[in-house]
Amino acid sequence: MTQHAGLTEERWAQFDLDSQVLMIANEMHRTSRLLDDEEPGSRRRGYERVLRLTDLTIATRPRPALRRELLRWRDLIAELYVEDAAAADRHRAALRVLLQMRPAAARQIALLLR
Amino acid sequence: MTDQTPDIIILNDRIATNDLRTLVDRCFEDMVKFVVDVERGVAAVGGELHADAEALLLEDGSRQQDLWGANYYPGRAPEDCVEYTSLINIRPAQGNRSMELQDPDMRDRLRDLTFRLIGTGEALS
């Protein structure tokens, strides 16, 4: 069972979009530290958490343009999730683009992507 | 004028420096997102999402296959002021399978339009 399996849409919807994006980014950042692990299980569990939170955001955010970008972004994470080997460069690029979805989150780029 | 500047501006000619400064400061402070139509030679600049600028250009008569997204960073050298990355660039049907615009000719066309309509990295202050 993934860490956020009990997190409901109703609960997630109580967070504003900036908070939602930052929490997804936080999971991406945590997963960054698992990319060097030879065993892919922990990395995959990290991406499962990222996908779970992304799906919750997509479900609770009706704005079409945002939904389109989140779905495209989700595809990138899904690719990282299914691949056998870690892809640190693509992981960082995906995290950067996620943070660039919101001005407030973009201010974290210098901190998270040093 | 600055408070009345729309969130996204469609450009046929070079953007006024004040308008560019407003758009940069309004959202990301160090950069502005934009989408170009490489066939019509226009760009939509500003907004939080490339998808918003994309939607505006589609309403304006653009075809999606001609639209490419990027980020513009004022205050950087010409070779560094354009980041050819956007989620709207993921278009496997056109051979672009990543967020980054891959085709060198298309990158050149995007860059040239950027230089003509937005800037070559000049500082805004």
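Guide: At 1.5 Å a residue, the twelve residues of helix 5 (residues 88–99) of chain A should span 16 Å, and the end C-alpha atoms are 16 Å apart, which agrees. The expected span is 1.5 Å times one less than the number of residues, and helices (H or I, at least four residues) and strands (E, at least two) are DSSP runs numbered from the N terminus. This is a predicted model, where local features need pLDDT of at least 70, side-chain atom pairs count only at pLDDT 80 or more, and totals for chains, interfaces and linings use all residues. Residues are numbered from 1 along each chain as its sequence is written, chains are lettered from A and ligands numbered from 1 in the order in which they are written, and side-chain values use heavy atoms, leaving out hydrogens and water.

Visitor: Why is Trp12(A) called buried?
Guide: Buried means under 20% relative accessible area, exposed over 50%, and partly exposed in between (1.4 Å probe, protein chains only). Trp12(A) has a relative accessible area of 2%, so Trp12(A) is buried. Phe15(A), at 23%, therefore counts as partly exposed.

Visitor: What makes Trp12(A) and Phe15(A) an aromatic pair, and why edge-to-face?
Guide: Rings of Phe, Tyr and Trp (its six-membered ring) pair if their centres lie within 6.5 Å; planes under 30 degrees apart count as stacked, over 60 as edge-to-face and the rest as tilted. Here the centres are 5.6 Å apart with 65° between the planes, so the pair is edge-to-face. A search of the whole structure finds one aromatic pair over all chains.

Visitor: Which residues of the largest nonpolar core touch the most other members?
Guide: Among its 40 residues, they are Met28(A), Trp73(A), Ile77(A) and Leu98(A). Such a core is a set of buried Ala, Val, Leu, Ile, Met, Phe, Trp, Tyr and Cys residues joined through side-chain atoms within 4.5 Å. Helix 4 of chain A gives the most to this core, with seven residues.

Visitor: What is Leu98(A) in contact with, leaving aside neighbours within four places in sequence?
Guide: Contact means heavy atoms within 4.5 Å, and Leu98(A) has it with Val21(A), Ile24(A), Ala25(A) and Trp73(A).

Visitor: How do you know that strand 2 and strand 3 of chain B pair?
Guide: Two strands pair if DSSP finds at least two bridges between them. Strand 2 (residues 32–37) and strand 3 (residues 42–46) of chain B have four bridges, so they pair, in the antiparallel sense. One of the bridges joins Val36(B) to Ala43(B).
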